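Q: Hi! I've got a structure open and would like to talk it through. Can you help me get started?

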Amino acid sequence: MNFSELGLSAKVLEAVAAAGYTTPTAIQAQAIPPALTRTDVLGLAQTGSGKTAAFVLPMLTMLEKGRARARMPRTLILEPTRELAAQVQEAFETLGKLHNLSVALLIGGVAFEPQAVKIDRGADVVIATPGRLLDHFERGRLLLTGIEMLVIDEADRMLDMGFIPDIERICKLLPFTRQTLFFSATMPPEIQRITSQFLHNPARIEATRASSTVETTEQHLVSAPHDPKLKRDALRRLLRTQANVKNGIVFANRKTTVALLEKSLSRHGFSAGALHGDMDQSARLKMLAAFRNNEVTYLIASDVAARGLDIPDVSHVFNYDVPIHAEDYVHRIGRTGRAGREGHAFTMACREDSKYVRAIEALIKKDIEWFDIGGGSAPQADEAEAPARERQPRRRQRGAKSAERPPRAEAAPKPERSPRAEAKPKAEHAPRRERAAPSRPLPDAPESGGFHQGNMPAFLARPVRAQ
Ligand code: AMP
């Protein structure tokens, strides 16, 4: 499949080629043709699937005819977060650079008036978060009766963030004849209800990243202690097992954990920065820019803060906490392995997380393999607390390379920038069992008996193969 077969205009094709896109992604190949015939589209697609271009490209083609009028934008894109809205604007800058369109970004946390002035002058495209859009509408600065195309992006995120009533209200303010393109990574009942209410005979498209996630992202579970301090030790051990980290996102469930992890990792010499919901917009954008520019290697983030984050080439995702909602797992690991690149996702789990792990595996229809980070005696208790499936024989892990793994100094990730890394707790100086480990599968763990806290199973005393 080629972009030129999709029905896009010559100008759009030129911009696509200039952006370096050669082949449409699955969602683009499926969504663009119906979108160009003014059919509604219901797309099941995640971040990283190329869905932004799937709506931007047909929108650009459509906007080539006609022009914007004062206070009456022609198209509207709703995004759940300011960051995501800003990234869609960037996509317009890249893909719409030949179109000379007026794009207004209506997001909270920044001045209202310059946005209103932009709409006054006539905007072809409005990219907005729901709250700020309604603000403009209520102040009489915006008319929604000229909207020809509506895009609702990341609808399940909108649901999580409580935006569904706003979405319903906005949809009712738009002309009935508009075209709607609707994207969501998952389809919970509330989202299905919205789609049946506001879409008309949509083309249904399913292009989740499931296939690329399976093919290009290695997913692993890591047995972790429940105790926070031991768990932070385990996180550092895990990070050190990964010699090829270009940049990574460490997800935590709570913003307090985000702050704590950032401090802890920095203290241990890792290049880490935090992104959490309490940070103001400019601090978040600054941190994001530092991460994008590789000034910060590990971004510690909560789900809310990371929503809509578009960093094309994150090499690793580390889930310090197992996400409570299985969909969040899909979103989190969707940050790596994008556009066919190789990705690595590690999820730290203790026994208390079993049911969440099972829910994730049910959702992704796949068992996640366990990864051993070694680390001396701490995992003894952790192993005992690990979800039941870990007690099964370990399988050989893809790409196991223990024999070639360099000594720790070289294997350490590049963020270890200060000699303070030397002043680590004792466990970190312990000889790495995996260094001398044979590259063969581990012997079976006992099924029961002798596998409880304080009673180390025999296999733990044996050399462990690292990946
Ligand atoms: P998205 O899912 O829209 O966030 O896109 C994920 C990433 O894939 C972005 O960095 C896009 O620039 C990139 N991308 C989108 N479409 C293509 C394509 N057809 N070929 C290569 N990269 C793409």
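Q: How do H11 and H12 lie, oblique or parallel to each other?
A: This is a predicted model, where local features need pLDDT of at least 70, side-chain atom pairs count only at pLDDT 80 or more, and totals for chains, interfaces and linings use all residues. Residues are numbered from 1 along each chain as its sequence is written, and side-chain values use heavy atoms, leaving out hydrogens and water. Helix H11 (residues 228-241) packs with helix H12 (residues 255-267) at an angle of about 60 degrees, their axes being 11 Å apart. H11 and H12 are therefore oblique to each other. Angles under 35 degrees count as roughly parallel, over 145 as roughly antiparallel, 65 to 115 as roughly perpendicular and the rest as oblique.

Q: Which residues in H11 and H12 meet?
A: From H11, Arg-232, Leu-235, Arg-236 and Leu-239 meet Leu-260, Leu-261, Ser-264 and Leu-265 of H12. Contact means heavy atoms within 4.5 Å.

Q: New topic: which residues of helix H5 are buried?
A: In H5 (residues 113-120), they are Gln-115, Ala-116 and Ile-119. Buried means under 20% relative accessible area, exposed over 50% and partly exposed in between (1.4 Å probe, protein chains only).

Q: Why do the buried residues of H5 line one face of the helix?
A: Looking down the axis of H5, its buried residues fall within an arc of 100 degrees, so they line one face. The arc is that of the directions from the helix axis to the C-beta atoms.

Q: What do the buried residues of H5 pack against?
A: Strand S3 (103-106) and helix H6 (130-138). Just after H5, Gly-122 takes a positive phi of about 100 degrees.

Q: Last one: how many helices and strands does the protein chain have?
A: The protein chain has 20 helices and 14 strands. Of its 467 residues, 57% count as buried.

Conventions. Axes fitted to C-alpha atoms, helices over the stretch in contact; angles between N-to-C directions. Helix = DSSP H or I, 4+ residues; strand = E, 2+ residues; numbered from the N terminus.
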